[in-house]
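Dear colleague,

Please find the structure below, handed over for your records. My findings follow directly after it.

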Amino acid sequence: MTEITDQQKKLPTAVEGFVMHWGNLGSQWGVNRSVAQIHALLYLSEKPITAEEIADTLGIARSNVSNSLRELTGWNLIRRVPVFGDRRDHFVAETDLWEMATRIAAGRKEREIDPAIAALRACAVQAEDDPAVGQVARRRLTAMLDFTQTMEGWYAQMLHVPHGTLAKLIKLGSRIVRFLPTKPEG
């Protein structure tokens, strides 16, 4: 969190710890620390809260809160909800962890993987037509494109697997290998 002030609402130690840690993790993942802290606060909140309450609780400037809420809304991780008798915007976070992970993965794919595949495709095509590009560079570009497209295809398939089934698959871990053919890779 930013600096602690006397006007900030006191959070329980565990909640404050989670908000701080989530903020630190967010910055490591390339997400603004305030955005991650606000997401953490909303995720743990038992009721919808206003931007003003978020600003007061976290000690973050109201303008920063507004921008962060807009970003989280764009990722579809939070939403506005009406509260009877109050004209202010209130916010809640998606609390289904599978849904949250799916939305984050979709956003990352759109912002990072899709442009990477487009760039790799363009580079691979350019490399094929350029005699100055060596065979090793062509092979590596093609290998990276193939790998990225394979992972994109796997991701697309996993979107259609029910969360319960996917959880079972993940819990299998390396034991899943025993269900695969043992034919050596060629």
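S34 lies in helix α2; helices (H or I, at least four residues) and strands (E, at least two) are DSSP runs, numbered from the N terminus. The model is a predicted one: local features need pLDDT of at least 70 and side-chain atom pairs count only at pLDDT 80 or more, while totals for chains, interfaces and linings use all residues. Residues are numbered from 1 along each chain as its sequence is written, and side-chain values use heavy atoms, with hydrogens and water left out.

S34 is buried, at a relative accessible area of 8%; buried means under 20%, exposed over 50% and partly exposed in between (1.4 Å probe, protein chains only). Neighbours within four places in sequence aside, S34 is in contact (heavy atoms within 4.5 Å) with I60, N64 and S68.

Not counting residues up to four places away in sequence, I54 touches I38, L41, L42, I49, G59, V65 and L69.

I117 lies in helix α5 (residues 97–129) and is buried, with a relative accessible area of 1%. Its contacts, again leaving aside neighbours within four places in sequence, are L145, T148, Q149 and E152. The C-alpha atoms of I117 and L145 are separated by 6.5 Å, although these residues are 28 residues apart along the chain.

Yours sincerely
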